[in-house]
Amino acid sequence: MNERIEKAYESRPKNWVYNLTMAVIVVFLLLWSASGMESSGTTTNGGKMALNILNGIIHPDTDLLFNLTTSGVPYLLLETICIAFMGTVVGAIISIPLAFISASNLTPKPVAFAGRLLIMAIRTVPAFVYGLMFIRVTGPGPFAGLMTMSLTSIGMISKMYIEAIEDLDTKILESLDAMGCSTWQKIRYGILPQLMPNFASTAIYRFDINLRDATVLGLVGAGGIGAPLIFAMNSYRWNEAGAILIGLVILVLIVEWISTKIRVKLTRG
């Protein structure tokens, strides 16, 4: 027994040349990538600036943090949530017919290819660019953020919906068809029960992403809490920036905890 093991070990494929070649290529790529990174160095006031930011987070502006007016952190966070939520809902609704059209197991291949090409085109443009475009069209404000979130959500949600549709268990549909069920009954009892958990889980996951993107979009004037944050930082009002960051962190943690619970419930049934 030991002799056979030793013989098999000695006759194993000698791929050290391949491993060495791959290691050299990886090291070369790392060095080449590192050479492209340039740093202007730390300014003389960099350390002091970092301490000011940390001090602002530790000692936030409580008046701004608990201010219930339209300029307070709670209202700005609520506006950010509304932008992310409505953007997710609109994007998820538009993605449903687009996903069914692009599913190769339901539509002819040319039609599915055209649908996938449209989805790829939508996903190519970053959310920041969409935000700048919609601000030019609708003007600055939450509506521009809503339109941006909706359009950027379509790319990801449609792709995930397509995968769920193409993974449908067709045997269930064949069984319902053998029972003489109508088209609506096959959709009601054969398709929707398989798709709804995946569709809901995808939409919730996208909402998490949109909540973070909505904060960034505020930097270009698309509503939300991003604009007050960047204004406070540019004006060196670190206490206000700390209050906004604390509110944002608490919001993200709460939404992450709730969405995780819901996704686990949907996955496990």
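**Notes on the model**

1. Glu163 has a relative accessible area of 36% and is partly exposed; here buried means under 20% relative accessible area, exposed over 50%, and partly exposed in between (1.4 Å probe, protein chains only). Glu163 forms a salt bridge with Lys159, with 3.1 Å between the closest N and O atoms. The term salt bridge stands for a side-chain nitrogen of Lys or Arg within 4 Å of a carboxyl oxygen of Asp or Glu. Lys159 is likewise partly exposed, at a relative accessible area of 36%. Both Glu163 and Lys159 sit in helix α8, four residues apart, which is about one turn of the helix.

2. A word on the basis of these values. The model is predicted, so local features need pLDDT of at least 70 and side-chain atom pairs count only at pLDDT 80 or more, while totals for chains, interfaces and linings use all residues. Residues are numbered from 1 along each chain as its sequence is written, and side-chain values use heavy atoms, with hydrogens and water left out.

3. The protein chain has twelve helices and zero strands. Helices (H or I, at least four residues) and strands (E, at least two) are DSSP runs, numbered from the N terminus.

4. Of the 269 residues in the protein chain, 34% are buried. The accessible surface of the chain is about 17,200 Å², and carbon and sulfur atoms hold 68% of that surface. Accessible areas come from the Shrake-Rupley method with a 1.4 Å probe; for residues, only the protein chains shown count as cover.

5. Among contacts in the protein chain with a separation of 6 or more, 72% join residues 24 or more positions apart. Contact means heavy atoms within 4.5 Å.

6. How many salt bridges does a search of the whole structure find? The search finds five. One of them pairs the side chains of Glu166 and Arg116, at 2.4 Å from N to O. Glu166 lies in helix α8 (residues 142-166) and Arg116 in helix α6 (residues 109-124), so this pair ties together parts that are 50 residues apart in sequence. Glu166 is partly exposed at 30% relative accessible area, and Arg116 is partly exposed at 32%.

7. Another salt bridge joins the side chains of Glu240 and Arg237, at 2.8 Å from N to O. Glu240 counts as partly exposed, with 25% relative accessibility. Arg237 is also partly exposed, with a relative accessible area of 35%.
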